[in-house]
Every structure is written in C-alpha cells, then in structure tokens.
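Reader: Could you walk me through this structure, taking the overall layout before the details?

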Amino acid sequence: MGLRESMMAVIVRHKLLANQIPKGCTTPLEEWIAIKTRKTFKKSDELRKAIGKDNLDYVSREDFEKYQLYRVREQMRYAEENAPYYRHKFKDAGVRPEDIQTYEDLTKIPLTEPIDLAEKSMLFYGVSATKLLREFTTSGTTGHMKSIGYTQNDLISKIDIIASALRNLGMTKKDTLHVMFPMVMAWDPSLMLVGACNILGYKSSVCAEVDVEKQLSTIREAGATYIIGIPSFIYRVTTLLSKETDLTKLGIKKIISASEPLSESMRSLLQDAWGCKVVDVWGMTEFGLACAVECDEQNGLHTDEANMLLEIIDPETLEHVPMGQKGELVITALNAEGTVLIRYRTHDIAALIDPPCACGCHFNRRLMKPSGRMDLQFKIGNGHKVYPVLFDEAVYISPEVVDYHMDITREGYRDVLTFEVEADSQKEELAQSIVKAVSALMPVEDGIAEDLVAEPRVKLVPPNHKDYAIKVKKIRDLRENFD
Ligand SMILES: [Zn+2]
C-alpha cells in the first residue's frame with residue numbers, strides 16, 4: 001500500500017474534528033479551533049483551573065490564550081522528555097514549563113534559529129525516526145538541509161485543519177477542487193488536499209501538467225469549481241488560456257493561491273480573468289505548510305492557532321512589538337510529535353491583527369500577509385531593502401505580462417535593475433509603463449533620487465511556453481563584493 005492509500009485508510013478510521021463542525025456554521029475554521037480547545041479543556045484539570053469556568057461553550061480570546069499557554073507548557077514538557085535540543089536549551093536557560101503563565105512569559109524561552117534546525121535536525125525529533133510516517137527536507141538559504149519529521153498524528157491533524165479551511169472557503173459536497181501544482185514538489189500537496197476533500201465528501205481533480213490545454217481539459221472534465229495552486233503558475237495558465245477561452249464562463253467560484261506570495265496586482269488580474277475571488281493561503285514547511293488562510297474579507301489570514309502560537313518580535317531587541325505592528329514572526333508548534341519547534345524564528349516580516357473579523361470570527365487572530373523573507377531581501381542604493389513580491393506589484397501591471405526575472409548588477413557606484421519580462425506584446429509603451437511602475441516603488445524611487453540606483457531597464461521577450469521552471473530564482477544578485 002502506498003503512502004496515499006495508507007493515509008486514506010487511517011483518515012477513514014479517525015473521527016476528524018472537521019466533521020464535528022455544525023451544519024450552517026459561518027466560521028468553520030474558528031469553530032474547528034474551538035472544538036479542539038474544548039476537547040483539551042475536558043481532558044485537562046490544569047487548563048480548567050487556568051480558565052476558571054465550568055464549561056467552554058463560548059470561547060473568548062482570553063480563554064483561548066490560556067489554552068495556548070497551557071499547550072506551550074505541555075509542549076515544553078514533551079520536548080524536555082523527548083527532544084534533546086530543547087532538553088539542553090531549557091536547562092541552560094533555566095526555564096521550566098510552569099514559568100510560562102502569560103504571553104509576556106514567553107520571552108523567557110530562548111529563540112530557536114533555523115540554522116540550528118538545519119544543522120541538528122535529529123535533535124528536534126520527539127520520536128525515533130522509525131516512528132515518523134514522513135520525513136521532508138527543505139533547503140535553507142545557508143545551503144544546509146532542514147529535515148522535518150511528521151508522525152501519523154501530525155499528518156492527520158494537518159489534513160483535519162485543511163478540511164476545515166476548505167469549508168471555511170465555502171466548499172460544499174457539490175464542489176470539486178482542482179489541484180494544479182505544476183510538478184511533483186518535494187512534498188506532494190495533492191496528498192493532503194485530496195485527503196481533506198475525501199473526509200468531507202468533496203470531489204477533487206489533480207493535474208500536474210505544465211501544458212495549459214491539459215489543465216483546461218481537466219478542469220472542464222472534472223467540473224471543477226475551486227482551484228488551488230501556485231500563483232505564478234495559475235497566472236501563466238490564465239494568461240495563455242484567456243486568449244481563446246472566456247475563463248469567467250467555467251464557473252470557478254474561488255481560486256486559492258498557495259506556496260508563493262500573492263501580489264495585489266496579480267490578485268486583481270486573476271480575479272478579473274476568472275470572475276471570482278482569489279484568496280491567499282500561507283504556510284511554512286517547518287509547520288506542515290498549511291498554516292493560515294484568508295476569508296472572503298481578504299483582510300489578513302486566519303491562522304491555525306490551535307496548533308501554532310504566533311508572536312511578533314523586534315528582530316534587534318527580540319522583545320514583543322505592540323499588536324498590529326510589523327516585526328519578525330516567531331512560531332511555536334503546540335501539538336507537534338515529530339519535529340518539535342518552540343519559539344522558532346521564521347525570518348519573515350509580518351504583523352498580527354486582533355479579532356473580531358468582519359467574517360464573524362470573534363477570537364481568532366489574523367496574520368497580515370508576510371511581506372517577504374528577511375533572508376530573501378536585497379539591499380539597493382543606500383541600503384533600501386527590496387524583496388521579490390515588491391516587484392510583482394510593478395511588473396504584473398498588464399494582462400500581457402506572463403512572467404519575469406530580474407538581475408541586479410552594478411555600474412560604477414549605481415545599482416542597475418534589469419528586468420527580462422515575458423509578454424504577449426513587445427510594444428515600447430508596455431516596457432515604458434513597467435519602467436515607470438518600478439521607478440515609483442519607494443526603495444527604487446529613493447535610490448534614484450540619491451543617484452545610487454540607475455533607471456530600471458526592461459527588456460520584453462515573447463513568452464516561452466515550453467521551458468516553464470517554477471523554482472528559477474526570480475531575482476539574481478550579480479554584484480560583486482556586495483554584503
Ligand atoms: Zn475573517
């Protein structure tokens with residue numbers, strides 16, 4: 001039996017929480033988190049004492065934070081017993097699980113650096129490698145491979161939250177989810193997505209072909225109503241198909257953008273082409289990928305707070321920043337068995353927003369879309385930071401643009417940004433409008449004003465339909481002696 005079949009067999013046997021969400025619930029994802037909280041409340045004297053209530057029929061933000069802090073203590077106890085990295089770390093820092101009673105107390109726990117996870121992956125495991133159902137490696141920017149282990153419980157919990165997220169997006173048994181990731185990725189996202197659809201009785205179709213016609217015929221044959229995939233790939237398919245096909249006629253109700261940052265300009269181009277909302281999801285390999293999803297309000301991502309505690313810190317002082325302010329995202333896994341991660345530095349810049357949300361959620365905190373990884377940032381001009389998604393806003397200004405790459409070079413003392421843009425039109429006006437949009441981006445505008453950045457250069461080339469490579473670096477820094 002392959003992994004997919006064995007997972008399906010296990011899922012069928014488990015009573016997943018996604019199936020306990022009441023019919024007609026308008027906030028299924030938050031309800032899933034509440035069900036999980038109530039389940040723990042019933043089991044744990046320690047949590048009941050901390051909350052000080054007889055029942056948890058209504059979960060307030062205050063109650064919920066007590067649940068999260070309780071889970072942090074439990075996860076620390078588990079780590080002390082089972083994960084050597086934390087056993088030593090907590091001992092050296094002199095911090096005990098019972099020291100963590102408030103949100104502020106979290107700063108007593110030392111932070112975990114991604115480089116530690118890369119160099120000592122095995123020391124983060126809470127179980128022996130033989131008990132892992134799946135091990136997944138991901139490259140770090142330093143070249144080290146991080147190895148993340150998932151037990152059966154870890155995977156089932158992920159499928160459970162994905163199922164409740166799909167319900168939150170409005171899917172019903174009448175819907176079909178079309179999964180279009182362009183190639184077999186290190187981690188097969190379709191396994192989890194198809195599994196989640198199966199539990200809820202939703203239909204799904206999977207097409208990993210780069211060929212856009214094949215994508216279209218699969219969507220049509222399956223009668224797909226929802227699409228999930230990588231935005232640059234969906235965008236490419238959209239641009240190439242919309243020449244001959246009116247995509248608004250296909251009856252797609254929602255597009256879910258995953259695995260890559262979604263720029264607002266790309267979102268609006270996709271929404272116009274398909275005539276439906278495009279919502280963003282966000283995740284990290286270290287935390288099982290599916291971590292947060294937008295609701296129809298498109299104003300922040302609802303996070304899986306039952307399994308993750310999010311903090312925003314000042315990357316310099318390492319202190320918490322006030323609610324709503326931007327800083328570095330730090331995550332603690334609250335229920336992990338395989339790879340245990342406590343106060344893990346993501347090096348992503350993000351902000352949190354307190355509830356309520358206009359969709360009806362009353363205790364779930366939202367994550368403002370991470371604006372770019374600190375380690376994927378480049379400095380231009382007088383130290384102005386730029387990151388890939390920033391340029392998406394300026395380059396994808398017209399439906400004629402299919403894709404682009406950018407090189408940063410240096411001529412004399414000036415940084416030069418050269419864009420090679422694949423577009424259906426090679427008209428000079430298009431190139432000029434991209435130059436104008438890029439020049440108006442604040443870091444570029446400042447750099448030009450200081451005479452440390454040259455006017456951006458744009459070269460238009462016809463779309464290369466065959467050699468689509470998803471993992472090609474969007475930005476290459478070709479400057480020498482540049483820190
Ligand atoms: Zn919402």
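Reader: Which domains does the domain assignment give?
Author: This is a predicted model, and the domain assignment of the protein gives domain 1 (1–371) and domain 2 (378–477). The C-alpha centres of domain 1 and domain 2 lie 32 Å apart.

Reader: And how many residues of domain 1 are in contact with domain 2?
Author: On the domain 1 side there are 15 residues, and they are in contact with 11 residues of domain 2. Helices α10 (231–241) and α11 (264–274) each supply at least two residues of the side of domain 1 that touches domain 2, and the largest share of that side, 5 residues, comes from α10.

Reader: What about the residues there, how do they divide into nonpolar, polar and charged?
Author: The side of domain 1 that touches domain 2 has 9 nonpolar, 4 polar and 2 charged residues.

Reader: Let's switch to the largest nonpolar core, which residues touch the most other members?
Author: Those are Ile 162 and Leu 166, in a core of 129 residues. Helix α7 (residues 152–168) gives the largest share of this core, 8 residues. Because domain 1 (1–371) and domain 2 (378–477) both give residues to this core, it lies between them.

Reader: What does Leu 166 touch, not counting residues up to four places away in sequence?
Author: With those set aside, Leu 166 touches Met 171, Leu 177, Ala 196, Cys 197, Leu 200 and Tyr 202.

Reader: Changing topic, what order do the strands have in the open sheet of 4 strands?
Author: The order is β18-β17-β16-β19, with mixed pairing. The edge strands, each of which pairs on one side only, are β18 (457–461) and β19 (475–477), and the twist from one strand to the next averages 15 degrees.

Reader: How many bridges join β16 to β19?
Author: Strand β16 (residues 401–411) is joined to β19 by 3 bridges, and the two run parallel. Met 406 has Ile 475 in β19 as its bridge partner, and the C-alpha atoms of Ile 475 and Met 406 are separated by 4.8 Å although these residues are 69 residues apart along the chain.

Reader: Is Ile 475 buried or partly exposed, and why?
Author: Ile 475 is partly exposed, because 19 other C-beta atoms lie within 10 Å, whereas a buried residue needs 20 or more.

Reader: And what is Ile 475 in contact with, leaving aside neighbours within four places in sequence?
Author: Ile 475 is then in contact with Phe 378, Pro 388, Met 406 and Ile 408, Met 406 being also its bridge partner.

Definitions and conventions. Residues numbered from 1 in each chain as written. Predicted model: local features only at pLDDT ≥ 70, side-chain atom pairs only at ≥ 80, totals over all residues. Core = buried A, V, L, I, M, F, W, Y, C linked by C-beta atoms within 7 Å. Buried ≥ 20, exposed ≤ 12 C-beta atoms within 10 Å, placed from the backbone. Domains from an automatic or database assignment. Contact = placed C-beta atoms within 7 Å. Pairing = 2+ DSSP bridges. Axes fitted to C-alpha atoms, helices over the stretch in contact; angles between N-to-C directions. Nonpolar A, V, L, I, M, F, W, Y, C, P; charged D, E, K, R; others polar.
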